[in-house]
Amino acid sequence: MQRTLLPVLASVAALVCMAQSGSSHGYPITPVAFTKVKVADDFWGQRLRASRETTIPLAFSKCEETQRYANFEKAAHPSDAYKVGGFSFDDTDVYKTIEGASYSLQTCSDERMVAYIDSVLDIVAGAQEPDGYLYTARTMNPKHPHEWSGTARWVKEEDLSHELYNLGHMIEGAVAHYQATGSRKFLDIACRYADCVCREVGPAAGQACVVPGHQIAEMALCKLYVLTGEKRYLDEARFLLDYRGKTAIRNEYSQSHKPVVEQQEAVGHAVRAAYMYAGMADVAALTGDTAYVGAIDRIWENIVSRKMYVTGGIGSTASGEAFGKNYELPNMSAYCETCAAIGNVYVNYRLFLLHGEAKYYDVLERALYNGLISGVSLDGGGFFYPNPLESMGQHQRQPWFGCACCPSNIARFIPSLPGYVYAVNRRDVYVNLFMGNHATLSVEGRTVELEQQTRYPWDGDIAIKVTANKAGQWAMKVRIPGWVRNQVVPSDLYAYSDGLRPKYNVEVNGISMDVQPASDGYLTIQRKWKKGDEVRLHLDMEPRTLKAHPSVEANRGLVAIERGPLVYCAEWPDNDFDIMGTLLNQEPRMVVEDATLHATDKQKADYFMKVIKTDAQALRFDERGRLEAKDVCMTLIPYYAWCHRGSGKMRVWLTQDLSASRPSMPPTLASMSKATASSPSGALSSLSDGLVPKDGDDRSLPYCHWWPKKNTTEWVEYLFLQASTVKTTTVYWFDDAPWGGCRVPKAWRIFYKDASGNWKPVTGVDNYPVAKGCACSVDFEPVTTTAVRLEINLPEEYSSGVFEWVVK
């Protein structure tokens, strides 16, 4: 059937244009499409350029290198001989990269890229089955599909198959491609798969009554409905939400433990959750369902009050990549997946469009400038999957991952950023983000052009000039960020601790105005604007110290430092002392300086930033066990910029109370040794960092592991600087039961290297204890050796890991 395509804006902006489809229940606020906002800004211009020139080409090359394209080619010619590997959602990396490239094409034309995408779509189209089903993990070898796929369509959708997740990203990419090129090539592929889903998945007899194991199809189907006007897509999106908590699988991990309108707390996999909340907002906007809105409001309140990091990151635990308990916000083990930060932006964006309050953009901005862009290197070619707030050096940026959702998600998000700057509601024009740009807006059908000049986030001076106005009188609503109103986040989860009272002021055409922001957080300037009118906003931008709610155990006695929208951290290259053992002064003097970060990535580029320098004391125990304190000057850099100069120590939360201090310990035999293992690991330094778990459930510390190996014999060795006599050893095992893949080992032994270079077991050991969460120590007959080995027998069905290995 021929579909009538409705005019759309960009991405979710399309959802608010419901007047064009005869509906009165779209978002009340209309975003200004990113195609209408031309960014001319050093900070974000560099990011957009890196995305266009590095991230997107890299993602396409990795799709080729890692056989993503080959999967589609195999699916076009199925065979029982194909071994189906990888992940069941690998197809989405292709779709997401096409989406990001399409966004980029709308702001920077590239005929070669258009042709390349067209050639990729030829490969994708060949994999589609006659009825529209497109899922290479099954189609390439129907008799022996991917182990997560199940024996038939949809049977494992609520578990691991990701069939509907694949559909969601396909639609998102197809809509973006259509908007960029006008070609229906990808859109028709997506519509055929969506039609297949509408026929086969639902509550009727003969349909598969399942909901997505990983959400995103809900908001994608809403987007497809707005684009095509085909109501079945909206109905399907609503079904996928309304039947959650009513089908076979019900668990918190996938937010299927109860119906969505009954949920009050953010639980389970953080990315799944955020995508579901965004989909709920879209359906609510399109249907007027206030029960959905009430549920999202409750969940949002829970996140910002109890479950969000100061960086805007969400999802505190690696176990299930999930939200933790209320106030469970560990720093070193913080998961804060990059995709979850993107999801946090999506949710707060939609809540702003529903409610029109600045608090949602306060959260969005915090996530954007910190926990989101930390996930991609400044050159666009290195990525973090998790974004911890503390590191002992076990974290490294990677050019790609086997599970590559974060790099491809970054590829699609960054090019869409200009669409988050402005919004319009009748004759109100919202200025939500501050970056240099030129924008063309429509105010009740009449053109308004704005130009914004600023060095934000480095200073708080913003100039907004009206360069054209055919709309007469209207109101400019400028967001006054929470950080300048002395509010870290819209809750008591974090609070400034320095007693400062920053100020802001506004001028119109050079005349100061005594205007206070309303309860919605916006400063409103109502006038009949003319070409050349200029609003100048000044926001005091001082370094601030802040504390977490006392219930956040991980941050008791600690403070974080931020300036404007940026959270800062201390990192090893800038400080020639142990940053983990420092004590910040009670009333620290903080100085802001211009600086250049010399990245050690492939491009070895230099990047401007402002650093903060403050007074502290470096605490350490000397060899006799006496505490020493040395005055030092600590340098802090923006959190997003850490790990650009190699791996090493980093921390966001800094010690200010003596009771929370961790003085540096003198070197040990283990810490001075070279550690090697049976499997390569970037976390071997954790074996001798002196950090031990407080109990069996403590997973907040770095560890070394052998996952995914099972039922094998593994080892780790210490090579001493010189022959040493040892007679005792202690091991702290890592065990992340019940959900993780590591358990204490079946057995372990200690070996030493004799004078001939042969490994010999130590003698005199009565027992090798194996226990979780405590010291497992053994004494043995003293040996003089140059190396010792810890040999481990892994469990039959699990792997094992080690927090700390002490030898004396």
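1. Charges over rings. Arg 238 lies over the face of Tyr 292, 5.5 Å from the ring centre. Arg 789 takes such a place over Trp 759, at 4.7 Å from the ring centre. The criterion: NZ of Lys or CZ of Arg within 6 Å of the ring centre and within 35 degrees of the ring normal.

2. Basis. This is a predicted model, in which local features need pLDDT of at least 70 and side-chain atom pairs count only at pLDDT 80 or more, while totals for chains, interfaces and linings use all residues. Residues are numbered from 1 along each chain as its sequence is written, and side-chain values use heavy atoms, with hydrogens and water left out.

3. Aromatic pairs. The structure holds 41 of them. Phe 43 and Trp 458 form one, edge-to-face, with 5.8 Å centre to centre and 70 degrees between the planes. This pair links distant parts of the chain: Phe 43 is in helix H1 (residues 42–65), and Trp 458 is in the loop between strand S7 (446–454) and strand S8 (461–469), 415 residues apart. Rings of Phe, Tyr and Trp (its six-membered ring) pair if their centres lie within 6.5 Å; planes under 30 degrees apart are stacked, over 60 edge-to-face, and the rest tilted. Helices (H or I, at least four residues) and strands (E, at least two) are DSSP runs, numbered from the N terminus.

4. Phe 43 again. Is Phe 43 buried or exposed? Phe 43 has 9% relative accessibility, so it counts as buried. Trp 458 is buried too, at a relative accessible area of 6%. The cut-offs are under 20% relative accessible area for buried, over 50% for exposed, and partly exposed in between (1.4 Å probe, protein chains only). Phe 43 also pairs with Tyr 640: the ring centres are 5.7 Å apart and the planes stand at 85 degrees, so this pair is edge-to-face. Tyr 640 sits in the loop between strand S21 (627–638) and strand S22 (649–651) and Phe 43 in helix H1, so the pair ties together parts 597 residues apart in sequence. Phe 43 and Tyr 640 are both buried.

5. The open sheet. Five strands form it, in the order S1-S4-S5-S9-S13, with mixed pairing. Strand S1 (30–31) and strand S13 (522–528) are at the edges with a single partner strand each, so one side of each has no neighbour in the sheet. S1 runs antiparallel to strand S4 (residues 422–425), joined by two bridges. Pro 31 has Ala 423 in S4 as its bridge partner. Strands pair if DSSP finds at least two bridges between them.

6. Around S21. Strand S20 (residues 606–621) pairs with S21 in the antiparallel sense over 10 bridges. Leu 619 stands opposite Ala 629 in S21. S20 and S21 form a hairpin with five residues between them. In the turn, Gly 625 has a positive phi of about 85 degrees. Strand S17 (residues 566–571) is also antiparallel to S21, over three bridges. There, Ala 570 has Leu 636 of S21 as its bridge partner.

7. Second largest pocket. Its volume is about 850 Å³. Of the 29 lining residues, Met 665, Pro 666, Ser 688, Asp 689 and Gly 690 are the closest to its centre. Strand S30 (residues 801–807) gives the largest share of the lining, four residues. By class, the lining has 15 nonpolar, eight polar and six charged residues. On a 1 Å grid over the protein atoms alone, a pocket is an open set of points with protein on both sides within 12 Å along at least five of seven lines; a cavity is a set where a 1.4 Å probe fits but cannot get out; lining residues have an atom within 4 Å of a point.

8. Second largest cavity. The structure holds six cavities of 30 Å³ or more. Helix H10 (270–287), helix H11 (290–307) and helix H12 (338–355) each supply at least two lining residues. Eight of the lining residues are nonpolar, three are polar and none is charged.

9. Leu 378. Leu 378 is in the loop between helix H13 (358–372) and strand S3 (390–392). Its relative accessibility is 4%, so Leu 378 counts as buried.

Notes:
Grid points are joined across faces, edges and corners, and a volume is the space filled by probe spheres set on the points. Ala, Val, Leu, Ile, Met, Phe, Trp, Tyr, Cys and Pro count as nonpolar, Asp, Glu, Lys and Arg as charged, and the others, Gly among them, as polar.
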